[in-house]
Amino acid sequence: MGALAATQLLGLISLSVTLDNGLLKTPPMGWMAWERFRCDVDCRDDPENCISEGLFRDMADRLVEDGWKELGYEYVIIDDCWMSMLRDKQGRLQPEPSRFPSGIDKLARYIHDHGLKLGIYADMGTHTCMGFPGTTLEKIEIDAQTFASWGVDYLKFDGCYSNPVDQMLGYPLMSKALNATGRPMAYSCSWPAYLGGLPPYVNYSLLGEICHLWRNYYDIQDSWDSVLGIVDWFFNNQDELQPAAGPGRWNDPDMLIIGNFGLSVDQARSQMALWAMMAAPLIMSNDLRNMDNSARAILQNRVAIAINQDPMGIQGRRLLQEKSHIEVYWRPLSNSASALVFLSRRTDMPYLYHTSLAKLNYEAGNYEAYDVFMGSMVKRLNATTDFTISVNPSGEMARPQIHLPLHKNFGLPRSDCQFVSLPTRISWASSG
């Protein structure tokens, strides 16, 4: 079937399955197992880290006791490898009993008793990506009903071991089936990632009627190269992707890996800043039981979270790619505010970047700038006033330092990435 015919058929299907349950008017926030814990099913030799009900109970405890929940991190999401290799006698998915002896319904009650929400994983192919039972077309309705009966609040629906025609039918059908259960469930679709992520193979207008969020691109790995690869793809294709995002429909560049092993402090700040600019889901995948203070401070930064959760829901854009390998990103916010990120792709030394708000297309007037990660205010910044930002090279671990204003040049803290939000004020944050 040609791409045009497939798109037209999707249009006919989507008209009757609009997913309008009022969920995810801002990007979802929470924790997911996959990037950090993968498919570790060895509960005999690795009981603390295997995919089991104990792991998800532990993370629920941490979200509540360590202040994450009050900041908006509310979803606890099971990824692949939770299932038994066999469905039950009624044809329903069931958890692996040795690792989830209490069942998913009791785990859901535990999560709900903590004031949190439970997410789960399924795959519309013959098998999940790791070889567990899939949700083929004839199983969609019973699996949606099963998830609802367990009290699930969020479904991640993957697409391994499927084909374009089944995907074209299956993703809308699951949307319809979730609606039919009567239980509001957030619906995350991996469909675009299996079609190359871009029009004409992906019709984002129609996708926004079916899913709350969608994976567009490859899985994130625990490395700075992976983060940059995702950032490059999203912003190189911003003209197609940026208009697709908005309240109740989000592009998903994948999980936050802050607090793991692959990022320096500066790079971790950069991921948080750029995900906030993209209006991306803030779904962590790390070990909340073993979180150092710097990672916790980045992920719990209230201003960065507020920028990400801005109710207008407009995804940010890359404004400039300088020959100096400094990049500038911008996002409009509510109440005439906006945010800026200055990112260094250099690998040599801190770079002094000179600019003004007027050069970044800001209107004439006075602004205040707030450095999000340093927590400091720069007052009375005129749009025409030149200022200088010292941005660390990628991977630089140097501690950010404030530089006092010199004449009309404002020096800002050093870091891989400077993050700024502006109303008739301007706020920025240093990130790395």
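1. Two strands are taken to pair if DSSP finds at least two bridges between them, and helices (H or I, at least four residues) and strands (E, at least two) are DSSP runs numbered from the N terminus. On that basis strand E5 (residues 186–189) and strand E6 (residues 213–215) pair in the parallel sense over 2 bridges, and leucine 213 in E6 is the bridge partner of serine 188. The model is a predicted one, in which local features need pLDDT of at least 70 and side-chain atom pairs count only at pLDDT 80 or more, while totals for chains, interfaces and linings use all residues. Residues are numbered from 1 along each chain as its sequence is written, and side-chain values use heavy atoms, with hydrogens and water left out.

2. The E5–E6 pair belongs to an open sheet of 8 strands with parallel pairing, in the order E7-E6-E5-E4-E3-E2-E1-E8. Its edges are strand E7 (250–252) and strand E8 (282–284), each of which pairs on one side only. Neighbouring strands of this sheet are turned against each other by 25° on average, direction ignored; here axes are lines fitted to C-alpha atoms, for helices over the stretch in contact, and angles run from 0 to 180 degrees between N-to-C directions. Helix H5 (residues 104–113) packs on the sheet, where it touches strand E2 (75–77) and strand E3 (117–123), and its direction makes about 145° with that of E3; contact means heavy atoms within 4.5 Å.

3. Aspartate 79 sits in the loop between E2 and H5. It is buried, with a relative accessible area of 4%, where buried means under 20% relative accessible area, exposed over 50%, and partly exposed in between (1.4 Å probe, protein chains only). Its side chain makes a polar contact with the side chain of lysine 156 at 2.8 Å. A polar contact is a pair of N or O atoms within 3.5 Å; within protein, one must be able to donate a hydrogen and the other to accept it, and residues adjacent in sequence count only if both atoms are side-chain atoms. Leaving aside neighbours within four places in sequence, aspartate 79 is in contact with Met32, Trp34, Tyr121 and Lys156.

4. The core draws at least three residues from each of domain 1 (29–309) and domain 2 (317–404), with bounds that come from an automatic or database domain assignment. Beyond four places in sequence, the contacts of methionine 272 include Tyr73, Leu282 and Phe373.

5. E13 pairs in the antiparallel sense with strand E14 (residues 376–382) over 5 bridges, and aspartate 371 stands opposite serine 376 in E14. The two strands form a hairpin with 4 residues between them, and glycine 375 in the turn has a positive phi of about 75°.

6. Glutamine 300 lies in the loop between helix H12 (293–299) and helix H13 (302–308). A polar atom of its side chain is 3.0 Å from the backbone oxygen of aspartate 66. Apart from neighbours within four places in sequence, glutamine 300 is in contact with Asp66, Gly67, Trp68, Leu71 and Ile305.

7. Some backbone features deserve a check, because most residues other than glycine have a negative phi, and most peptide bonds are trans. Arginine 38, in the loop between helix H2 (34–37) and helix H3 (53–65), has a positive phi of about 50° and is partly exposed, with a relative accessible area of 29%. Tyrosine 161, in the loop between strand E4 (154–158) and H7, has a positive phi near 55° and counts as exposed at 54% relative accessibility. A cis peptide bond joins proline 199 and proline 200, with omega about 5°, and proline 200 lies in the loop between E5 and helix H8 (204–210).
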